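Colleague: Could you take me through the charged side-chain contacts here, one question at a time?

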Amino acid sequence: WVKSRTKGMIDLESIAIPEGTQRIHASAVYFNGQWSKKFDENLTYDSEFHMENEEVKTVKMMSTSYEGLYSETANAKMAVMPYSGKKYQMVFIQTVDNQPLTYQMWSSLNSSLDNRQISLFVPRFEIEFKEEMDFGLKACNMLHCAKIIVNERGTQASASTITGDVSAGPLEPVEFTADRP
């Protein structure tokens with residue numbers, strides 16, 4: 001079910017379902033957006049990308065120019081790239097010195113957006129995430145998966161969360177007698 005709902009991006013057929021599982025709850029979402037102004041693949045080039053741990057990697061850097069929403073403060077800058085139809089958009093935010101993005105930073109950027117001519121340079125990337133979450137409850141476990149692919153044509157993304165109710169087996173009979181107030 002998840003594989004069909006996510007157009008094959010997330011395949012959970014190999015996960016082990018614990019013995020005694022009575023119910024499985026699943027949710028899945030899929031997004032496929034084409035940029036309103038596609039990146040020209042001929043302009044994609046090798047470039048350095050500086051990781052948080054100070055490691056430098058070579059990535060495929062995409063570039064385009066378009067008119068869109070842009071904001072810059074002392075702490076961060078933000079460019080908004082719309083998808084075709086302009087109903088959805090991707091927001092690119094880069095903070096100064098890799099500071100964590102705070103609500104105050106987001107609010108300040110968001111409130112000062114202006115329509116500008118933007119030259120945008122972003123890496124082509126693919127990220128996949130799979131995490132089994134244990135809440136310390138024997139009766140429930142959860143698996144969350146997500147995948148995003150960003151390239152010159154647009155963005156393809158999927159996410160799924162699966163929870164299972166595990167039975168502890170038949171309950172032993174108990175006796176309750178209400179023979180006093």
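Predicted model: local features only at pLDDT ≥ 70, side-chain atom pairs only at ≥ 80, totals over all residues.

Modeller: Residues are numbered from 1 along each chain as its sequence is written, and side-chain values use heavy atoms, with hydrogens and water left out.

Colleague: How many salt bridges does a search of the whole structure find?

Modeller: A salt bridge is counted when a side-chain nitrogen of Lys or Arg lies within 4 Å of a carboxyl oxygen of Asp or Glu. With the whole structure searched, the number of salt bridges is 6.

Colleague: Which residue forms a salt bridge with K147?

Modeller: The closest N and O atoms of this pair are 3.6 Å apart, and the partner of K147 is E126. K147 lies in strand 8 (residues 140-150) and its partner in strand 7 (residues 125-133), so the pair ties together parts 21 residues apart in sequence; strands are DSSP runs of E, at least two residues long, numbered from the N terminus. The residue asked for is therefore E126.

Colleague: Is K147 buried or exposed?

Modeller: Buried means under 20% relative accessible area, exposed over 50%, and partly exposed in between, using a 1.4 Å probe and protein chains only. K147 has a relative accessible area of 17%, so this residue is buried.

Colleague: What is the N to O distance in the salt bridge of K3 and D11?

Modeller: K3 is partly exposed at 38% relative accessibility, and D11 is partly exposed at 35%. Their side chains meet in a salt bridge with an N to O distance of 3.8 Å.

Key
Helix = DSSP H or I, 4+ residues; strand = E, 2+ residues; numbered from the N terminus.
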